Amino acid sequence: MLVKIAALSLNYRDLMVINGVGNWKPTSRVVPLSDAVGTVVGVGEGVDRFDLGDRVSAMFLPEWRSGQLTRETYVNPIGGPINGGMLAEYVVVSQDNAARTPHSLDDEHAATLPIAALTAWHAVARRSRVQRGETVLIHGTGGVALFALQFVLALGGIPIITSSSDEKLDRARKSGAAHSINYKSTPDVAAEVMSLTGGEGVNHVIETIGGENLNRSLKAVKIGGTISFVGLIAGLAAQINTYDFVTRHVTIHGIETGSREMFEEMVQIIDKHGIVPVLDSTYPVQRIREALQHLAEGKHFGKVVITITASNL
């Protein structure tokens, strides 16, 4: 299918691809950016899942359509370092690698879904299986964390969110967080969580920081709880207290985005509950360098979006 791109959103992995960091460094020139939304303006022979005029997003992992992630489906992520990305006016997309976007969202909001939102949905709904009344500790206020906050609320859970910024915590509370913890002024996050939960700990943790922060999560989760491990911000390795892992009888799941089936399931929930992604800022495509710099500074709250329209080309 030929898709006319309307909007894109930025992720930290885009910075790593563009800056050539570690395994994200392309071996040859590649079009960057993974998240986008656009309209089908042309179809090839055999296309039967979509019609002209449908609004779609390409899936980050094109071969992962349903079921568990396998070695065969964990290949060719969109947006580098090998497979081309979405930063273009028009992109050719296989119908099997695309899904319809929520009817309730405009282009700018819909463009934020393929990585951050899907990762959060995978963690909250598929792995942790959050139930009504369960407590969920969400670390940070980045893109995945804010989507996790919204999905926990939609499923009837009780979100507790952390940050080093009182301003961001205030905004998170206004977005529905039941409790907030500033980990700079309250460094013993686990003790505060225990106080908030009557000494039980939370049912689930959405671990978006990684590294040694996992030790905080292990001390904050209740016996038999779950930790959905997403983040690499604090590093790729750490000294972990395995005694807490054993005595908490905890299940830790590694979370890698999600399948097309999960995306389609998430779209239904977004439309049903009227979930609106949190946007930090929107830039025309000519200012993409400025947008990437804004992302790199880490001061944003919500997603940074790029628009491609006739007026800003």
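Predicted model: local features only at pLDDT ≥ 70, side-chain atom pairs only at ≥ 80, totals over all residues.
Q: How much space lies in the largest cavity?
A: The structure holds one cavity of 30 Å³ or more. The space in the largest cavity comes to about 40 Å³.

Q: How do the residues of the lining of the largest cavity divide into nonpolar, polar and charged?
A: Leu-146, Phe-147 and Val-278 are among the lining residues, and Leu, Phe and Val count as nonpolar. Gly-143, Gln-150 and Gly-302 also line the cavity, and Gly is counted among the polar residues. Lys-303 belongs to the lining as well, and Lys counts as charged. The division is therefore three nonpolar, three polar and one charged.

Q: Are H3 and H4 roughly parallel or oblique to each other?
A: Helix H3 covers residues 113–127, and its axis comes within 8 Å of the axis of H4. The two axes cross at roughly 50 degrees, whereas angles under 35 degrees count as roughly parallel and those from 65 to 115 as roughly perpendicular. H3 and H4 are therefore oblique.

Q: Is the crossing in which H3 passes H4 left-handed or right-handed?
A: The axes of H3 and H4 cross at roughly 50 degrees. The crossing in which H3 passes H4 is right-handed.

Q: Is H1 roughly parallel or roughly perpendicular to H10?
A: Helix H10 comprises residues 288–297, and its axis lies 10 Å from that of H1. The two helices pack at an angle of about 115 degrees. That angle makes H1, relative to H10, roughly perpendicular.

Q: Is the crossing in which H1 passes H10 left-handed or right-handed?
A: H1 and H10 pack with their axes 10 Å apart. The crossing in which H1 passes H10 is left-handed.

Q: Is Leu-33 buried or exposed?
A: Leu-33 lies in the loop between helix H1, residues 12–19, and strand E2, residues 35–42. Leu-33 has a positive phi of about 80 degrees although it is not a glycine. Most residues other than glycine have a negative phi. Because its relative accessible area is 0%, Leu-33 is buried.

Q: Is His-249 buried or exposed?
A: His-249 is placed in the loop between helix H8, residues 242–247, and strand E11, residues 251–254. This residue is not a glycine, yet His-249 has a positive phi of about 50 degrees. Its relative accessibility is 61%, so His-249 counts as exposed.

Q: Is Arg-248 buried or exposed?
A: Arg-248 is also in the loop between H8 and E11. The C-alpha atom of Arg-248 is separated by 7.4 Å from that of Leu-218, 30 residues apart along the chain. With a relative accessible area of 19%, and with buried meaning under 20%, Arg-248 is therefore buried.

Q: Where is Ser-66 placed, and is Ser-66 exposed or partly exposed?
A: The place of Ser-66 is in the loop between strand E3, residues 55–58, and strand E4, residues 90–92. Ser-66 and Gln-131 are 65 residues apart in sequence and 23 Å apart in space, from C-alpha to C-alpha. The relative accessible area of Ser-66 is 44%, so this residue is partly exposed.

Q: Is the peptide bond from Gly-80 to Pro-81 cis or trans?
A: Pro-81 is found in the loop between E3 and E4. Most peptide bonds are trans. Omega for the bond from Gly-80 to Pro-81 is near 5 degrees, and this bond is cis.

Q: Is Thr-307 buried or exposed?
A: Thr-307 lies in strand E13, which runs over residues 303–307. The C-alpha atoms of Thr-307 and Asp-48 are separated by 28 Å, and the two are 259 residues apart along the chain. Because its relative accessible area is 9%, Thr-307 is buried.

How values were computed:
Residues numbered from 1 in each chain as written. Heavy atoms only, no water. Helix = DSSP H or I, 4+ residues; strand = E, 2+ residues; numbered from the N terminus. Buried < 20%, exposed > 50% of the residue type's maximum accessible area, 1.4 Å probe, protein only. 1 Å grid on protein atoms, 1.4 Å probe; cavity = no way out; pocket = protein on both sides within 12 Å on 5 of 7 lines; lining within 4 Å. Points joined across faces, edges and corners; volume = space filled by probe spheres on them. Axes fitted to C-alpha atoms, helices over the stretch in contact; angles between N-to-C directions. Parallel < 35°, antiparallel > 145°, perpendicular 65-115°, else oblique. Left-handed = near helix turned anticlockwise from the far one by under 90°.
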